[in-house]
Amino acid sequence: NAAVLRIGPRVGVVPDTLRGWCKQAEIDVGRRPGITTTEAAQVRDLEREVRELRRANEILLAASSFFARELDPRLPW
């Protein structure tokens with residue numbers, strides 16, 4: 001803690017930010033439990049992909065519904 005308070009201002013970083021970086025570095029090397037930087041990036045990527053796939057599904061469902069109505073032989077022209 002004292003080292004973070006001394007080093008932070010010298011390198012132009014808020015001590016809390018530096019403390020967070022140190023904590024994350026310990027997680028990344030396995031000295032502390034938690035989600036690694038790589039795992040967090042993978043989760044973000046997968047969440048983005050899920051959003052894109054859900055949006056694509058909504059578009060495809062709307063399109064299929066539209067074309068089903070257009071092709072319905074029971075509708076009078």
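Visitor: Which residue follows H2, and what's its phi like?
Guide: That's glycine 30 in this predicted model. Its phi is positive, near 95 degrees.

Visitor: And H2 itself, what should its 15 residues span?
Guide: At 1.5 Å a residue they should span 21 Å, and the end C-alpha atoms of H2 are 21 Å apart, so the two agree.

Visitor: How do H1 and H2 cross?
Guide: The axes of H1 (residues 2–11) and H2 (residues 15–29) come within 8 Å, crossing at roughly 115 degrees. The crossing of H1 past H2 is right-handed.

Visitor: Which residues meet there?
Guide: From H1 you have Val4, Leu5, Ile7 and Gly8, and they meet Pro15, Leu18 and Arg19 of H2. Sorted by class, that contact has five nonpolar residues, one polar and one charged.

Visitor: Moving on, where does isoleucine 35 lie?
Guide: Isoleucine 35 sits in the loop between H2 and helix H3 (37–70).

Visitor: Buried or exposed?
Guide: Isoleucine 35 is exposed, because its relative accessible area is 56%, and the cut-off for exposed is over 50%.

Visitor: What does isoleucine 35 touch, then?
Guide: Leaving out residues up to four places away in sequence, isoleucine 35 touches Gln24, Ile27 and Ala40. Its C-alpha atom is separated by 11 Å from that of lysine 23, 12 residues apart along the chain.

Visitor: How many aromatic pairs are there?
Guide: The count comes to one aromatic pair. Phenylalanine 66 and phenylalanine 67 have ring centres 5.2 Å apart and planes at 75 degrees, so this pair is edge-to-face.

Visitor: What's the relative accessible area of phenylalanine 66?
Guide: For phenylalanine 66 the value is 39%, so this residue is partly exposed.

Definitions and conventions. Residues numbered from 1 in each chain as written. Predicted model: local features only at pLDDT ≥ 70, side-chain atom pairs only at ≥ 80, totals over all residues. Heavy atoms only, no water. Phe/Tyr/Trp six-rings, centres within 6.5 Å; stacked < 30°, edge-to-face > 60°. Buried < 20%, exposed > 50% of the residue type's maximum accessible area, 1.4 Å probe, protein only. Axes fitted to C-alpha atoms, helices over the stretch in contact; angles between N-to-C directions. Helix = DSSP H or I, 4+ residues; strand = E, 2+ residues; numbered from the N terminus. Left-handed = near helix turned anticlockwise from the far one by under 90°. Contact = heavy atoms within 4.5 Å. Nonpolar A, V, L, I, M, F, W, Y, C, P; charged D, E, K, R; others polar. Expected span 1.5 Å × (residues − 1).
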